[in-house]
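Subject: Structure for you to look at

Hello,

Here is the structure I said I would pass on. Please open it alongside this message and follow the notes below.

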Amino acid sequence: MERTGRYLWGVPNKLLELLTNWSGWRFRTIRWLVTLVGLVVAGWLVIMPLDGIEQLIFGLLVFVFVLYIRSYAGSFITLLLVGVSVLMSTRYLYWRATETLNVTTLLDGVFSIGLLLAEVYAWVVLGLGFLQTIWPLRRHSEPLPADQALWPTVDVLIPTYNEPLEVVKASVLAAQVMDWPAGKLKIYLLDDGHREEFRSFASEAGVNYIAREDNVYAKAGNINNALKQAMGQYVVIFDCDHIPVRSFLTETMGGFLTDPKLALVQTPHHFFSADPFERNLGTFRKIPNEGALFYGLVQDGNDLWNSAYFCGSCAVLKRSALDEIGGIAIDTVTEDAHTSINLHAKGYNSAYLNTPLAGGLATESLSAHIKQRMRWARGMVQIFRIDNPFFKRGLSFMQRLCYANAILHFLYGFPRFFFMTSPLAYLFLEVHVIDAPAGMIAVFALPHLIMSSIANSRMQQQNRHSFWNEVYETTLAWYIMWPTLIALVSPKLGTFNVTAKGGRVEEEYFDWKISIPYVVLFILDLCGLIVGLARMFWWNTYEWDTAAMNVGWAIYNLVMIGATIAVALETKQVRNASRVRAAIPAGVVLPGRTISCFTQDFSIGGVSVELPEPTHLKRGDTLVLTLDRDGTAHAFPVEVVGVVDRSLRLRFTSMPVETERKLISATFSRANAWENWLEEVDLDHPLHGFRELLRFSELGFERLLSSAHKG
């Protein structure tokens, strides 16, 4: 949370520590009095009546104050910025609810009340988000006893369904080389696809293979079936594309031995391949991906409130606690979060260790990405209907709020729809969605929008760039709107769908099918913009400012739609395996000598190395490559597939399972494999984020026109 920079005052930061850490009835009394006085003052500022000029001056004074303090470091300043943001947003919403509703006609009422409800939703999510992440715990791993005899037994479960064996192999082999006593670690390959090649691989690799007669309850049922045979004290679950580092268990298990009520340790889902946004926009490792905010900040915030929840993979669960709640939850398609609620309701603790200890594959196409998010959205709303955390016995107040925010997050489909269509209601139908002069709207809305942007930027920093949240929501809103509605009405409808991994995009193409909602919105906004200009200069000159405001709103929506359309052009991806940039000590073994070098990147299928000198190697040559693992060089057979100056591209050739295991250990399973992964990602700056948005929006319209021309 700390920014690089000066500290404004030492006293407020020290005072903040005293207020949050000191106990005793006198101090608690002072703390409650300070809180009460603060709430009274804030309430007065929220409802304080001001005319347009007075509100403008008030907003400018707050803005100048925020600009002055935002460059200073310290938790006190962050709390102050959050407080100002909540104050200005609440003041705006109070004004909207009391002075701007338009119910003159049914159409006016639908759009006016609909937009207000959308804004109330955004305000609630904003406030819950601040509360959830205001003080990330940032816990460290607990050490294990020196005597390994005291270490518990662990079962590793790797559920599969229809994934290719080449994707699954690496996860299984990496699990085998984790640092843990051999007699206390068992690996289970769970095959819901009933494939003979998986059975053969499990036998060759020396791991347990489990297949069941049916696929009831999908992944949850697969895991629960395996729990009938796996009897370890702890259970580790990896999605079959997640490759753990060797230190996964030694980093995560210590907490269980110091806290008898700890039932879950979750680690981030780290992806070494680009998701559709990163690949199609060229932002991989430059701009935080969609999951970076959740795994980089939200889960750490949840951890403070004992609300970090299970995410389906890269996690350790206490077996006895799982047995007590009846295993993995089966009533919803988000079995992971639902399982966490059940554990917390039984009084168990959870922990989040914000250290990437496994690497996996991101979704490979926009359509697959959307299907995955649709499943998550439907599942979280199913939890709301079936096992609502507000009424779940055993949860603390803050646990209820954290789970509620997780569920509410996936209900943004309808609010986003109103934000995107409200200006069109005026431009096409002359509906006054907000019954107030444009100038008054500006002096109330801008402080709310600017302060929330500054506060979010301060808190999210490296985990989410400004305006990207709107890009993600605009892309997904239409598609998650319907499954969440269906789940609200009938939570049992729908089926579990598996996210495809490990595929290729053979040719660049524009996904017209998935883009239909965006293209329709683009056409409507473009037409609305033309009509709006006519209203400004010919039809509605008596309310020029209102027409201009709605035209500006439509332009902003067009910019957002353009960025969304840019993602729909699926760029070519011909490699079966994603490459990871890393400099690992290596050696190219030639007749009579070995050339020492470093890798440039590696994948499951090959590696690139940079030689200190040119060689006479050519495409098709076979040789041996050595890779260093803890000071020991391991040899692997390779074939040269490309030579550019001193750079060699090498493909691994056929090797026995034992050699493959060593290869995974020397590459993906290195203890520091994912350290410093985000070094190239800049801290957020709102103006820079807006420039990014404009650039990708322009790219989107270029791609749309180009694809339409080709079509």
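Predicted model: local features only at pLDDT ≥ 70, side-chain atom pairs only at ≥ 80, totals over all residues.

Two packed helices are described by the angle between their axes and the distance between the axes.

Which residues make the contact? On helix 18 they are Ala-438, Gly-439 and Ile-441, and on helix 21 they are Asp-545, Thr-546 and Met-549. By type, the residues of this contact divide into 3 nonpolar, 2 polar and 1 charged.

**Cavities**

How many cavities of 30 Å³ or more does the structure hold? There are 4. The largest cavity has a volume of about 90 Å³.

Its lining consists of 13 residues, and those nearest the centre of the cavity are Val-433, Ile-434, Thr-546, Met-549 and Asn-550. Thr-546 and Met-549 were also named above, in the contact of helix 21 with helix 18. Helix 18 and helix 21 each supply at least two residues of the lining. Helix 21 gives the most, with 4 residues. The lining residues of the largest cavity divide into 10 nonpolar, 3 polar and no charged.

**A buried arginine**

Arg-285 sits in the loop between helix 11 (276-281) and helix 12 (292-304). Is Arg-285 buried or exposed? Its relative accessibility is 10%, and the cut-off for buried is under 20%, so Arg-285 counts as buried.

What does Arg-285 touch, leaving aside its neighbours within four places in sequence? Its contacts are Glu-278, Arg-581, Asn-676, Trp-677, Glu-680 and Val-681.

Gly-43 is in helix 2 (residues 25-47). With a relative accessible area of 31%, between the limits of 20% and 50%, Gly-43 is therefore partly exposed. From C-alpha to C-alpha, Gly-43 and Leu-322 are 45 Å apart in space, and they are 279 residues apart in sequence.

His-688 belongs to helix 23 (residues 686-710). The relative accessible area of His-688 is 30%, so His-688 is partly exposed by those limits. His-688 and Gly-255 are 433 residues apart in sequence, with 41 Å between their C-alpha atoms.

Regards

Note on methods
Residues numbered from 1 in each chain as written. Heavy atoms only, no water. Buried < 20%, exposed > 50% of the residue type's maximum accessible area, 1.4 Å probe, protein only. Contact = heavy atoms within 4.5 Å. Nonpolar A, V, L, I, M, F, W, Y, C, P; charged D, E, K, R; others polar. 1 Å grid on protein atoms, 1.4 Å probe; cavity = no way out; pocket = protein on both sides within 12 Å on 5 of 7 lines; lining within 4 Å. Points joined across faces, edges and corners; volume = space filled by probe spheres on them.
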